[in-house]
Number of protein chains: 2
Amino acid sequence: MSTVKDLLKQKPLLQEVTLKGWVRTFRSNRFIALNDGSCLGNLQCVVDFESMDEALLRRITTGAAIAVTGTLVESQGRGQSVEIQVKDLEILGDADPETYPIQPKKHSLEFLREQAHLRVRTSTFSAVMRIRAALSFAVHQYFTSRNFYYFHAPIITGSDAEGAGEMFRVTTLDPKSPPLDETGEVDYKKDFFGKETNLTVSGQLEAESYAMGLGKVYTFGPTFRAENSNTSRHLAEFWMIEPEMAFYDLDANMDLAEDFIQEVLKYVLENCQEDLEFLEKRLADEEKSKPAAERSEMPLIEKLRFVTDQPFKRVTYTEAIDILRNSKPNKKKKFQFPIDEWGADLQSEHERFLVEKHFKCPVILFNYPAKIKAFYMRLNEDGKTVRAMDVLFPGIGEIVGGSQREERLDVLVEKMEALGIEEKELWWYLELRKFGTAPHSGFGLGFERLVQFATGMGNIRDVIPFPRTPQNAEF
Amino acid sequence: MSTVKDLLKQKPLLQEVTLKGWVRTFRSNRFIALNDGSCLGNLQCVVDFESMDEALLRRITTGAAIAVTGTLVESQGRGQSVEIQVKDLEILGDADPETYPIQPKKHSLEFLREQAHLRVRTSTFSAVMRIRAALSFAVHQYFTSRNFYYFHAPIITGSDAEGAGEMFRVTTLDPKSPPLDETGEVDYKKDFFGKETNLTVSGQLEAESYAMGLGKVYTFGPTFRAENSNTSRHLAEFWMIEPEMAFYDLDANMDLAEDFIQEVLKYVLENCQEDLEFLEKRLADEEKSKPAAERSEMPLIEKLRFVTDQPFKRVTYTEAIDILRNSKPNKKKKFQFPIDEWGADLQSEHERFLVEKHFKCPVILFNYPAKIKAFYMRLNEDGKTVRAMDVLFPGIGEIVGGSQREERLDVLVEKMEALGIEEKELWWYLELRKFGTAPHSGFGLGFERLVQFATGMGNIRDVIPFPRTPQNAEF
């Protein structure tokens, strides 16, 4: 059995081929644009309607599954090099034009979100999902070829250690009348795992334990936030990539983050050209309907090259605050959150200013104030900053957050105490510092943000097959 | 910075190298076996104890993290080609021999399970986890190079559609006093997703929707079973691989399953030789302590070649029942579950008999009785069997289960009605049959079973980093 992708690459050899796929359009009772998902393009299948049963002809509708057998020949028409002269045509499955929702016209992304089981049959979503798959493979190939070991972090976890966000409870207790203990509280000893359990917000801490044995590891798995954020940037269930490396300091960590992002995006530029060009055009069309100020400054592929073709600028948080404080938008009070003093958390508007207006290249900020970063980040000698780093991108702001980890037991314990994190919750994490501790680093990258960047899709719900958001777990 | 893996491959070039890792052993105050996780082997680092501070020497203990700088030279001793003559040695992190649990002696697998954060620092677990990572990459490479698209199935799901097992509830409702509706039942409308949600037991149904747009897809993600099975074969959280292909019939499905398993195991044979040899020896040692009848008949690598080097025998369920009914162990009542008549579900003992005693090769059974298989499997013309297939392996029995899917709307609806599955639960799954339906197939493979087969580990808890089982969600 042939695929559209293979046939489009072939010279017209006059061989007989069989192709199965779904009708995208059928015009003039003669030209079928047949798609099988193997690539963006359709293969034109030409039927001789005069010799064909009329009842059969009427069933060649958008969305119908068909099998055609015929001869592959040089195409007479424009827009394709080859086409199939159909000898036999079989309807595998009809698609009633009165009820099939995906018709050959422009559907809004909102409408298609409600058809998440069918939307991958459109050019836009098939292109997005092929790029998502290509990026996934690029991630595995990048790390595996560099001697990182893929590590499956646990999804169900017994502790809210990282404090990265609200968590979902995982339970098999009676939902209405849970067993209570002698103090009248829910008796989690009777729950499936004998304790309260949640869905993980990050596999980092567990990945650290593996880095301290295998050297270099990475996670690539689902993570969860039970935050009631109904925005175009948040999902309750999303995929994260978290490499963790023994013996890496912050500089080595920044080197890796920069090289990693550049290489996986280069992979997409090299392997997904057709899909990228389609999405670039889609984005350009979409932008036409926006006010000029909201349009992106670069076409999609140029934006990818902006990241892959130049080194990232590395700037300390302190330098960045100086730049922002003295910037035009800050002085003219154009920022929604004005920058007054050292210690302020940066917002997306500030990050984008640094990347798009000031440096005009991707930026890595490092050495952040300890107070606005997580407890496990390594304290600098100044006692007030930590070896954190964020990678900032045009259009989206932060795409990667990472740090060198605090490897000193006493400093880590002190930090946890100050934040009220109980030692018994993280006894095993502390043991990594008791036994053979060493400097180590890592970072996290929200995979959907990367897919958004690579595809130009504005809403994060459009880059994951079945998005999970507040009030929505359909399919 | 060098790695052990790289240095062991190099000729002794007399260059100065720096290596960081963890001390495995230190003998004669002179020979450090240093491991950094990059491979199974250690690099011997030779210190000149006479010129070294005694206090420093005492800190070179098993598990300590150290950095050494020195010259890479041809080794004088046996067992290694190169070694480092140490010039500088720095202790990065101590490991107190009085308290560090992983000492250079034989630890039981049970003991190490309680040290899941440290056990990857042993040769056995580092070998298992490197093979796990290699198998993962082989899976992605196999499918990607054959034009399958990686598809991320949702983890949180709104329906227990497949009925594959007990599920974990995912919730943010007050655990003690959940909101109730007017009928006095838990009001899931107030839960995070506005309905009752669970952790997925399989991504198959969603993968089918993507196969019907992208042609060939596969999942590789975590799945969950809330079954109270405290055995060496069950996990509450495990990873599944589920390819799904439009236009594949059962024969094509069997071809794919056989080729897939053979290719990923060949990848491990080619890329993990050192780790396999170590695990083969470990298994042989372990088997010595077992009664002869329980020992496996083949050494580890031979067992892998048993699968990769010969075609799988394809047999219908009906033929298999005949063979089993007339088999010696059945007649002599040696089976725990005797085979009486057509329709019986096969147990591991029967599957292993077919593979190990009767055919002496991997076996694919197909065309099972409809009654013992899932609702979505395609009914054969005989009206009583379905196009199901199971791949059976030596030692473990079933490793893959799959089928051609029922693509006919009326047959599927009838089947669901008979089983009491509500149409409104699966409206979207039925729509795949309403619009452009086509024959399609797929299968599922429990990844940990495959890792067990490739590593020879007897307990499934020893092939996943942090196992989740009843009463256990530590770390």
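Buried, in what follows, means under 20% relative accessible area. A:Cys45 has a relative accessible area of 0%, so A:Cys45 is buried. B:Cys45 is buried too, with a relative accessible area of 0%. Before I go on, please keep in mind that this is a predicted model.

Staying with the cysteines: how many disulfides does the structure hold over all chains? The count is 0. For a disulfide, the two sulfur atoms would have to be within 2.5 Å. In chain A, the cysteine sulfur closest to that of A:Cys45 belongs to A:Cys39, and it is 12 Å away, so the pair is too far apart for a bond. In chain B, the closest cysteine sulfur to that of B:Cys45 is in B:Cys39, and because that distance is 12 Å, a bond is again ruled out.

Next, B:Thr171. This residue sits in strand E8 of chain B, which covers residues 169-171. Is B:Thr171 buried or exposed? Its relative accessibility is 3%, so B:Thr171 counts as buried. Leaving aside residues up to four places away in sequence, B:Thr171 touches A:Phe168, A:Arg169 and A:Thr171 from chain A, and B:Asp191 from chain B. A polar atom of the B:Thr171 side chain also lies 2.9 Å from the backbone nitrogen of B:Leu173.

Last, an annotation. In an unreviewed entry, UniProt places a coiled-coil region at residues 269-296 of chain A. What does the model show there? Residues 269-296 of chain A are 68% helix and 0% strand.

Notes
Residues numbered from 1 in each chain as written. Chains lettered and ligands numbered in written order. Predicted model: local features only at pLDDT ≥ 70, side-chain atom pairs only at ≥ 80, totals over all residues. Heavy atoms only, no water. UniProt positions renumbered as here; feature names shortened; annotations may be inferred. Helix = DSSP H or I, 4+ residues; strand = E, 2+ residues; numbered from the N terminus. Buried < 20%, exposed > 50% of the residue type's maximum accessible area, 1.4 Å probe, protein only. Polar contact = N/O pair within 3.5 Å; in protein donor to acceptor, adjacent residues only side chain to side chain. Contact = heavy atoms within 4.5 Å.
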